[in-house]
Amino acid sequence: MEEESSSFRHPLSDGRWRNFFAGAERILPREVQAELRAHARSIRRAVEELDPWMEALCADTCPDCRDPCCTAGGIFYNLADMLYLLALEQAPPPGQTRTRTGEPCRYLGPGGCALARIQRPYVCVWFLCEPQAQRLSEEPGRVQRRVVELYLRIRRHRLALLEAVGPYRPILEDL
Ligand code: SF4
Ligand code: SF4
């Protein structure tokens, strides 16, 4: 599997959001859920390692930003994000980023994102805007290599989440 699914990458009611997590827990066999938890733990560790570096990057670039990326309308949790949240062993956020097209992201507050980085849609983790990409290119080589390695590791585990649900995927997509 090379690409992530676009399933759920759209506004969702909170009821449908909750229904996904309740339904997935009911439907997925224990061994599949255990496999999902193992991948979710690996993703979480990688995001936690990226977090201090990204916090510093944002502190440096975001306060003066004239076009904050969080105001973009197309940011959503997709199926891989939702499987990750299902397996993260903590309560998921209360809903999709928005329940209707045109609404702002519900997690965007005056001080920035209200969610811990490990709970954000992955697009909010991997996205580096131009000034941030420029900062990354100025980091020592070993830092750049580590960041890329972590991104690749996360991507591998996210694809593995989708593979792990195998034949259950169409049922999950219908929840
Ligand atoms: S990440 Fe980049 S685009 Fe987004 S708010 Fe910060 S500086 Fe602006
Ligand atoms: S989830 Fe957080 S980081 Fe992502 S768009 Fe919303 S406020 Fe921004």
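Predicted model: local features only at pLDDT ≥ 70, side-chain atom pairs only at ≥ 80, totals over all residues.
Residues are numbered from 1 along each chain as its sequence is written, chains are lettered from A and ligands numbered from 1 in the order in which they are written, and side-chain values use heavy atoms, with hydrogens and water left out.

**Stop 1: helix α3**

Select residues 79-86, which make up α3. Helices here are DSSP runs of H or I with at least four residues, strands are runs of E with at least two, and both are numbered from the N terminus. How many residues of α3 are buried? Eight of its eight are, so the helix is mostly covered; buried means under 20% relative accessible area, exposed over 50%, and partly exposed in between, with a 1.4 Å probe and protein chains only. Among them you will find Asp 81 and Tyr 84. Now show the surrounding helices: the buried residues of α3 pack against α1 (14-27), α2, α4 (122-126), α6 (141-165) and α7 (169-173), where contact means heavy atoms within 4.5 Å.

**Stop 2: Asn 78**

Step back to Asn 78, in the loop between α2 (30-61) and α3. Asn 78 counts as buried because its relative accessibility is 5%. At the start of α3, a side-chain oxygen of Asn 78 comes within 3.1 Å of the backbone nitrogen of Ala 80. That is a polar contact, meaning a pair of N or O atoms within 3.5 Å; within protein, one must be able to donate a hydrogen and the other to accept it, and residues adjacent in sequence count only if both atoms are side-chain atoms. Leaving aside residues up to four places away in sequence, Asn 78 touches Glu 4, Ser 5, Ser 7, Phe 8, Arg 9 and Arg 158.

**Stop 3: Tyr 77**

Tyr 77 is also in the loop between α2 and α3. Is Tyr 77 buried or exposed? Tyr 77 is buried, with a relative accessible area of 0%.

**Stop 4**

Then jump to Glu 89, in the loop between α3 and β1 (108-109). Phi of Glu 89 is near 65°, again positive in a residue other than glycine, but Glu 89 is exposed, with a relative accessible area of 53%.

**Stop 5: the ligands**

Finish with ligand 1, surrounded by Thr 61, Cys 62, Cys 65, Asp 67, Pro 68, Cys 69, Cys 129 and Gln 132; a residue is near a molecule if one of its heavy atoms lies within 4 Å of it. Ligand 2 is surrounded by residues including Cys 70, Cys 105, Cys 113, Arg 120 and Cys 124.
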